[in-house]
Amino acid sequence: MSLKDRQIGLGLERLGLFPLNHPIIAFILFVAISAACVVGIQRLKVEDSLSELFRSNTAEFLQYESLTQQFPSSEFDVLVVVEGEKLLTRPSLESIRSMIIELQFVEGMTGLVSMFSARQPPQEGEIPPPLFPDEFPEGAEFEQLLERIRSNEIIKGKLLSDTGDLALVVIALDRKVVSSKGLREVVGEIQGIVDTELKDTGLIAQLSGAPVMQLEIRNAVERDRLIYNGLGFLIGALIAILFFRQFSMMVIAAAPPAIAILWSLGILGWMDFRLNLFLNIMSPLIMVMGFSDTMQITFAMRDRLLAGDDKRTAIRYAILTVGPACVVTVMTAAASFVTLLFSSSALIRTFGAAGALSTLIAYVSVIGLMPLFAMILIRDNSKISTGSQSQDRAVNWLRSICGWIADKIIGRPVFYSALGVGLVIAFGYAHLTLEPRYRLADQVPDREQAVEASNRLDTKLTGANPVHVLIELPEQMELYTDDALSIIRTVHTNVEGQEGFGNVWSVYTLQKWLEEANKPGIPVLRQYIDLLPEHLTSRFVAGNEKAVVVTGRIPDIDSSRISPLIDQLDQKLDTVRKQFPEVKISVTGLSAIAARNSGSMIEQLNFGLTAEMVFVAMLIGIAFRSVIIAFICIMPGLFPIIASGTLLAFTGEGLQFASIVALIVAFGLGLDATIHYLNRLRLEDDPNEDPAIGIKRATVLVGPALILTTIVLACGLAVTMFSDLPSLRLFGRLCAVTLMAALVGDLLILPATLLLVRKVQRRFRKSANPGTA
C-alpha cells in the first residue's frame with residue numbers, strides 16, 4: 001500500500017459526506033442544535049475569583065480555606081484609598097467622616113475599618129472613647145489632635161500613611177448578600193457614595209481590593225468576548241473575500257467557524273462551565289481552529305470547481321482529500337488542551353477541558369456545515385471556472401511566492417536544514433534561561449482604578465496584599481494567658497521585622513498600644529477587645545478564641561521575589577514551633593500561596609509542554625504510519641516554541657501562566673500547517689520521480705492556504721491584544737508570534753528536512769536495487 005492510499009483520518013472525515021447525501025436532515029439538525037446553543041449561552045457565568053487560579057487539593061490551599069472559614073476573607077474586602085495633600089485638614093476630615101457614615105448603610109457591608117475606628121486607651125470600667133471627637137476643635141487643639149492621630153500606633157502606617165496624605169478605608173462585604181444582590185450593584189453603590197461625598201474636596205479616591213478587581217475582571221471578560229467574536233469573525237471574513245473574490249466563498253469559509261463559536265459556548269453553558277481569565281479567549285481559539293480547516297477545504301473545493309467539476313463532486317473531493325488532515329489536526333489540538341488537565345490549578349484544568357471539548361465541537365461544525373453551506377450557496381460553478389484567472393491574482397501571487405520558496409529550498413536543502421538546526425539550538429538555549437513569573441496585577445485590568453490604587457498602597461503603606469500567619473491554639477491553652485500572648489508577640493515581631501512586610505496587625509498591636517498608654521495587663525487587654533465591635537475583633541481573633549491571626553501586607557511584586565521572603569519568615573517561626581509544638585503556626589494567604597505555588601505550577605505546565613511535543617510527534621507518526629515523519633516534525637514543531645521563548649527572554653517577561661498556556665495552545669494550533677503540508681505531500685509523492693518535484697508541488701499547492709490560515713490564526717488571536725487584561729494581551733501577542741514562526745518552520749525547515757531525508761532514502765533504495773530507476 002502506498003503512502004497516499006493510507007487512511008490517516010480513521011474515516012472520520014466521511015462525516016462531511018452526510019450533508020451531501022441528506023441536506024434537509026442536516027439543515028434541520030443545524031437549526032435545532034443552534035437554537036439549543038443560544039439558550040445555553042444565556043447560562044454562561046463568569047468565574048472571577050482571584051484564588052481560582054491556585055485552587056487545588058494541596059495542603060497550602062486547604063490551609064488558606066481554613067483561614068477564610070474562621071476569619072473574614074480578604075477576598076471580600078473593598079479598599080477605599082483616599083489621597084491628597086490636604087487630607088488632614090478640617091474640611092477634608094469632615095468630608096471623609098461623612099463618607100464613612102454613608103458607607104455604613106451599604107447593603108451587604110458587615111464591617112468598616114478606618115482611622116475613625118481608632119479609640120483612646122480605656123478608662124476603668126468605661127467604653128474607650130473615640131480618638132476623633134464629634135466636633136473637630138480649632139486652632140492649637142486641632143493641631144494637637146492631628147499629632148495624636150499621626151502618632152497613634154493603631155493608625156500610623158496602617159490606616160494612614162506616615163506622610164499624612166493617604167488614608168485607607170477597609171469595607172468588609174457579606175459574601176451571601178454580594179452573591180444575591182450582585183457585585184456590580186454593591187461596588188457601584190460604594191463608588192457612588194465615595195464620588196458624592198468627596199466631590200469638590202480636592203481629594204482623589206479610588207477603589208481596590210479583591211471585589212473591585214473581580215468586578216473589573218468580569219467587566220473586561222464580558223467586554224472582550226464581544227470584541228474577540230466581532231474582530232475575529234471580521235478578520236476571517238475580510239481575508240476570505242480578499243482572496244476568493246466571491247461572497248459565497250467567504251460565507252462558506254467564515255460561517256462554519258462562527259457557528260462553531262455558538263455551538264461550543266452553548267454546550268459549555270449547558271455543562272455549567274464558567275468564563276474565566278483563560279476561558280474568555282475560547283471564542284477566538286474556536287474561530288481560528290475552525291477557520292484554518294474551512295480555508296483548507298474551501299481551497300481544495302475551489303480548485304476542483306476551477307477545473308470544471310460540478311459542486312457535489314468538488315465538495316466530495318475536498319472532504320475526502322483535506323478531511324483526513326483536519327482529523328489529525330483536531331487530535332493534536334485536543335492533545336494540547338488535554339495536557340492542561342494535569343495542572344494543579346483548577347482554573348487551568350477547566351480551560352483544558354473546555355478547550356478539548358470545543359476542539360471536537362469545532363471539527364463537527366466545520367466538517368458538517370461547510371458542505372451544507374456549499375450545497376446551498378454554490379449555484380453555478382461556470383461563473384467560477386470562466387474567466388477566473390483575472391480574478392485569481394491574489395492566490396496566484398501567493399503560489400508564485402511559494403514556488404520561489406520551494407526553488408530556494410530545493411537548491412540548498414542542506415543550508416536550510418543546517419540553519420534550522422542552528423536556530424533551534426540557539427533559541428533553545430535562550431528558552432532554557434526562562435524563569436517562572438507571577439504578579440497579581442497581571443491578572444487584573446491595568447487600565448482601571450484597582451491596580452492604580454494598589455500601587456499607591458504599595459508606595460505609601462508598604463502594600464495592599466495581605467499575608468497571614470494563622471496561630472491555632474490547642475484545647476488546653478487559653479488565649480488570654482502569658483504563653484498564648486507570648487506566642488502572638490513573637491510571631492508579630494518576626495512578621496514586623498521581616499524584610500518587605502509592613503502594616504502588621506494582631507492582638508499584640510493592641511497590647512503594645514495599651515502598654516505604651518500605661519494600661520498594661522491581660523485583664524485590661526481582654527476588656528478592651530471585648531468592648532470593640534465584633535467586625536473589628538473578628539479580623540484577628542476567632543469566635544471560639546482558639547485561633548488568632550497576625551496579618552502583614554506586602555507590595556505586589558513578582559512571586560520570585562516574594563517567595564524567599566515567605567520562606568525566611570517561615571524559617572524564623574520554626575523557633576516558636578519548637579518551643580510550643582502543640583501550637584500550629586502557618587504562613588498563608590493568597591499572596592503566600594501564589595508565591596509558593598506559582599513557580600511549581602508553571603514548571604509543571606512547561607514539563608507538560610515537553611510531554612505534549614513527544615506525544616503529538618508520536619500521534620503524527622502513527623497517523624502517517626512513519627517513524628521518520630514523527631522525528632522530522634519535531635524540529636519545525638519545536639522551532640516556534642523556542643523562538644517565542646527567546647522573545648520572552650529578550651523582553652525579560654519570563655514564563656507566566658499566560659505565556660506557557662499560550663505556548664501549549666499555539667503548539668497544537670501551529671502543527672495544523674505541518675499536518676496539512678504532510679498530507680499534501682503524501683498525496684503528491686511519487687517514489688519513482690525526483691523528491692524535489694513532490695516537495696515543490698506540495699509547497700505550491702498547499703502553501704497559499706497555509707499562509708492564509710496562519711494569517712487568520714495569528715490575527716484572530718492577536719485581537720486579544722486589545723484586552724484590558726495584561727495576561728490576555730501577552731497570550732495574544734505570544735500566540736501570534738508563535739504561529740508566524742510555525743509558518744517559517746513549515747515552509748522552510750520542514751521541506752528542506754523532508755527533501756534531504758527523501759534523497760537519502762532514494763539513494764539507499766538505488767543501492768539496494770541497482771536496476772531500479
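A charge sits over a ring if NZ of Lys or CZ of Arg is within 6 Å of the ring centre and within 35 degrees of the ring normal. To see this, select R412 and F415: the charged end of R412 is over the ring of F415, 4.3 Å from its centre.

Before moving on, note that this is a predicted model, in which local features need pLDDT of at least 70 and side-chain atom pairs count only at pLDDT 80 or more, while totals for chains, interfaces and linings use all residues. Residues are numbered from 1 along each chain as its sequence is written, and side-chain values use heavy atoms, with hydrogens and water left out.

**Stop 1**

Select R304 and Y317. R304 lies over the face of Y317, at 5.4 Å from the ring centre.

**Stop 2**

Pick D303 and R399, whose side chains meet at 3.1 Å, N to O. This pair links distant parts of the chain, with D303 in helix α10 (residues 282-306) and R399 in helix α14 (residues 393-411), 96 residues apart. Helices here are DSSP runs (H or I, at least four residues), as are strands (E, at least two), numbered from the N terminus.

Next, select D407 and K696, a salt bridge at 2.9 Å, N to O. D407 lies in helix α14 and K696 in helix α27 (residues 691-718), so the pair ties together parts that are 289 residues apart in sequence. D407 is partly exposed at 41%, and K696 is partly exposed at 32%. Then try D570, D574 and R577, which are linked in a network of salt bridges.

**Stop 2: aromatic pairs**

Rings of Phe, Tyr and Trp (its six-membered ring) pair if their centres lie within 6.5 Å; planes under 30 degrees apart count as stacked, over 60 as edge-to-face and the rest as tilted. By this rule there are eleven aromatic pairs. Select F30 and F373: their ring centres are 5.7 Å apart and their planes at 85 degrees, so the pair is edge-to-face. Because F30 lies in helix α2 (residues 23-42) and F373 in helix α12 (residues 346-377), the pair ties together parts that are 343 residues apart in sequence. F30 is buried at 14%, and F373 is buried at 11%.

Now go to F427 and F639. Their ring centres are 5.9 Å apart with planes at 35 degrees, so this pair is tilted. For a cluster, select F116, F132, F136 and F142 together.

**Stop 3: cysteines**

How many disulfides are there? With a disulfide being a pair of cysteine sulfur atoms within 2.5 Å, the count is zero. C633 is buried at 4%.

Finish with E75 and L590. They are 515 residues apart in sequence and 8.9 Å apart in space, C-alpha to C-alpha. E75 lies in the loop between α3 (59-70) and β2 (77-83), and E75 is buried at 10%.

Key:
Buried means under 20% relative accessible area, exposed over 50%, partly exposed in between (1.4 Å probe, protein chains only). A salt bridge is a side-chain nitrogen of Lys or Arg within 4 Å of a carboxyl oxygen of Asp or Glu.
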